[in-house]
Amino acid sequence: MREVHFSETNQPRIDAAAFAKLEQLARNSERRRARFCLHMDHSDPLQEMVIALCADAYIPPHRQAGKTKSYVTLKGEIGVVYFSDSGAIEEVIRLTSDGNSDAAIIRFPTKQWHTVVCHSEFAIYLEIVSGPYIASETEMAPWAPSESETPDANQFLHSIRNA
C-alpha cells in the first residue's frame, strides 16, 4: 500500500473523510505513517504535506540545509526532537492542536538535526517546507539507526520518545 499520495488538483481539500483515510493508510503501512501532498509533484517550490503518524513510527533524524520547515499539529500530539551534531538531544518541543503544550505550530531552519515522534496513539500534522524536494539534499544523521535496522531503530525511538 502506498504511503505517499499527491494531489491531483491545484486546490486540494482535506476533510474528516480524508483524515480517516490517511489514518487507515498509516495504520496499514509497514512504516506506520502516510502522507498526502497538497502539492502536485516534487518540483513545486512549496511542499505542503498532511502526515499521519502512528506512535510506533520511526523517522530517522535528518536535516536539509538551505530549507525552512514548519509543522502545524492537526490531531494528537507530536514531539519535534532537535539534536546536536554528535546526536545529543538538545530540545524536545511538544505540539498539540489545542495549543496545550509547548506549541501548536513551529518553524525552524532545517540545517538543525531533527525528527518527529508521536506522543499520542496517533497524530496528524501539516509539514510545510520550501521546495523543490530533492532526495539527495536530505542528510541522514550518521549517529542514528536507519529504518532498516529495526531492533536498533525501535530502541532509539523508545529512548527519544521518553526524553
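This is a predicted model: local features need pLDDT of at least 70, side-chain atom pairs count only at pLDDT 80 or more; totals for chains, interfaces and linings use all residues.

User: What volume does the second largest pocket have, and which helix gives the largest share of its lining?

Analyst: The second largest pocket holds about 220 Å³ of space. Helix α2 (residues 150–161) provides the largest share of the lining, three residues. Among the lining residues are Glu-30, Arg-31, Arg-32, Arg-33, Asp-56 and Glu-147.

User: How does the largest pocket read by class, and which residues are closest to its centre?

Analyst: The volume of the largest pocket is about 650 Å³. Of its 35 lining residues, Arg-35, Gln-64, Glu-127, Tyr-133 and Thr-138 are closest to the centre. Strands β2, β3, β5, β9 (113–118) and β10 each give two or more residues to this lining. By class, 16 lining residues are nonpolar, ten are polar and nine are charged.

User: How should I read the pairing of the strands, and in what order do they lie?

Analyst: In general, strands of a sheet pair through backbone hydrogen bonds, in either a parallel or an antiparallel manner. Here six strands make an open sheet of mixed pairing, ordered β1-β2-β3-β10-β5-β8. Strands β1 (4–6) and β8 (105–109) are the edges, each pairing on one side only. From one strand to the next, the twist averages 20 degrees. Strands β3 (residues 46–54) and β10 (residues 122–130) are antiparallel partners over nine bridges, and Leu-53 stands opposite Ala-123 in β10.

User: Which strands does helix α1 lie across?

Analyst: Helix α1 (residues 16–28) lies across β1, β2 (33–37), β3, β5 (68–75) and β10, and runs at about 65 degrees to β3.

How values were computed
Residues are numbered from 1 along each chain as its sequence is written. Side-chain values use heavy atoms; hydrogens and water are left out. Two strands pair if DSSP finds at least two bridges between them. Helices (H or I, at least four residues) and strands (E, at least two) are DSSP runs, numbered from the N terminus. Axes are lines fitted to C-alpha atoms, for helices over the stretch in contact, and angles run from 0 to 180 degrees between N-to-C directions. Contact means heavy atoms within 4.5 Å. On a 1 Å grid over the protein atoms alone, a cavity is a set of points where a 1.4 Å probe fits but cannot get out, and a pocket is an open set with protein on both sides within 12 Å along at least five of seven lines; lining residues have an atom within 4 Å of a point. Grid points are joined across faces, edges and corners, and a volume is the space filled by probe spheres set on the points. Ala, Val, Leu, Ile, Met, Phe, Trp, Tyr, Cys and Pro count as nonpolar, Asp, Glu, Lys and Arg as charged, and the others, Gly among them, as polar.
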